[in-house]
Amino acid sequence: MASPNPRNYIIAFIWLGVLTLLGVGLAQFPIPRIYAVIGIIALAIAKIALVGLVFMHIRYETVHLRNSIVIPFLIPVLFAIALICESANNGAI
Amino acid sequence: MSTSATDHLNMRVVREPHYGPTTPGKLGIWAFLLSDAFSFFGLLLTYGVFYIQTPEWIPDYLPKLGIPFTAVMTFVLICSSVSMVLAHDACVHKNHAKTVRWLGLTILGGLFFLGGQVYEYTHLIGEGLIFGNSLVGESRYASTFYLITSFHGAHVLTGVIYLIVIFINLIKGKYKDGNHTAIEQVGLFWHFVDLVWILVFAFVYLIPATI
């Protein structure tokens, strides 16, 4: 099993800074709104993955503990997808 | 529960083959974080439904949220997350001075964020972003903004108090022997606060600001 390394924390920190700047840039630049929204959500997911995997040490845990943590987080995501589909079906989107 | 009994719970390592060398305290904080995450997801999903259903999310007469200022607050929270993980690393390696320094910086980062939130609220309320007269509020934008950010702010405040308690114990020399479980647990909570803010910043601040 890999072990935590302070160098990885600094690399993750730099990436988090860059991704935050990119997110702010996407919100300000005049690009089609749908692309900006998709980009902001994708960047947020990437940042969450960095914080979870590197800072919260999920990548260094055993497979069972990792699954116990990650899988429950997917439930609300599925719920969100269901709500979006329902809204689209009702013509709200 | 006495202090010695609590210490015993924190120190005992579960030798369960599937979960590896982890403490009951660590498993407990993960269970708490999952339940807390569902609370945040509930609020963000409600926000999403309101946002989709509302034709004009930010009416002209209400102030817009300050993206550059909040981006700085976000960066400070990320910095405090790094200092937190470095404090844990220093404690694992029994470097007391570095642990004190990094944990102190983490507390300062949390206090800066809270100060920033107070400043932002004062500024926005002054410009007219208020709940209105009804329970939910006349503006869904204002209601959801204050509900979500104040719920997160309460977590930051809790995290800062939690960090200060651990910091006092650290100064007293409680973790000098490399017992890092308490610092690891407060770290998990603090990173969770940072993780949730990433979502709040994206959904509440950035997406409504897209042109």
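**Close-up views of a predicted two-chain model**

At a relative accessibility of 9%, A:E61 falls under the 20% limit and therefore counts as buried. The model shown in every view is predicted.

**View 1. The salt bridge between A:E61 and B:K26.** In this view B:K26 forms a salt bridge with A:E61, and the closest N and O atoms of the two residues lie 2.6 Å apart. The pair joins two chains, because B:K26 sits in helix α2 (residues 24-53) of chain B, whereas A:E61 belongs to the loop between α2 (33-55) and α3 (63-89) of chain A. Side chains of opposite charge can pair when their charged atoms come close.

**View 2. The salt bridge between B:K26 and B:E184.** B:K26 also takes part in a salt bridge with B:E184, where the N to O distance is 3.2 Å. This pair links distant parts of the chain, since 158 residues separate B:K26 in helix α2 of chain B from B:E184 in helix α6 (residues 181-209) of chain B. With a relative accessibility of 13%, B:E184 counts as buried. Which residues are linked in a network of salt bridges? The network consists of A:E61, B:K26 and B:E184, and the structure holds two salt bridges over all chains.

**View 3. The interface of chain B and chain A.** On the two sides of this interface, 43 residues of chain B are in contact with 43 residues of chain A. About 3900 Å² is buried between the chains, and 80% of that area is on carbon and sulfur atoms. Across the interface there is one salt bridge, formed by A:E61 with B:K26 at 2.6 Å between the closest N and O atoms, and there are five residue pairs in polar contact, with both residues of each pair at pLDDT 80 or more. Helices α2, α3 (67-92) and α6 of chain B each supply at least two residues of the side of chain B that touches chain A. Which helix gives the most to that side? It is α6(B), with 14 residues.

View 4. The N-terminal end of α5(B) is capped by B:S139, a side-chain oxygen of which lies 3.3 Å from the backbone nitrogen of B:Y141. Just after α5(B), B:G173 adopts a positive phi of about 85 degrees.

View 5. Although B:G126 and B:P63 are 63 residues apart along the chain, their C-alpha atoms are separated by 9.7 Å. In chain A, A:N5 belongs to the segment before α1 (6-28) and is partly exposed, with a relative accessible area of 33%. For A:N5 and A:V54, which stand 49 residues apart along the chain, the C-alpha separation is 9.2 Å.

View 6. Chain B has six helices and two strands, and from the N terminus on its elements run α-β-β-α-α-α-α-α. Of the 211 residues in chain B, 54% are buried, and among the contacts of chain B with a separation of 6 or more, 75% come from residues 24 or more positions apart. The mean pLDDT of chain B is 86, and 86% of the residues in this chain reach 70 or more. Over residues 1-8 of chain B, however, the pLDDT is below 50, and beyond near neighbours in sequence this stretch has four contacts in the model. Where pLDDT is low, the predicted coordinates should not be read in detail.

Methods:
Residues are numbered from 1 along each chain as its sequence is written. Chains are lettered from A and ligands numbered from 1 in the order in which they are written. Side-chain values use heavy atoms; hydrogens and water are left out. A salt bridge is a side-chain nitrogen of Lys or Arg within 4 Å of a carboxyl oxygen of Asp or Glu. Helices (H or I, at least four residues) and strands (E, at least two) are DSSP runs, numbered from the N terminus. Buried means under 20% relative accessible area, exposed over 50%, partly exposed in between (1.4 Å probe, protein chains only). pLDDT is the predictor's confidence in each residue, from 0 to 100. Contact means heavy atoms within 4.5 Å. A polar contact is a pair of N or O atoms within 3.5 Å; within protein, one must be able to donate a hydrogen and the other to accept it, and residues adjacent in sequence count only if both atoms are side-chain atoms. Buried area is the accessible area (1.4 Å probe) that two parts lose on being put together, summed over both.
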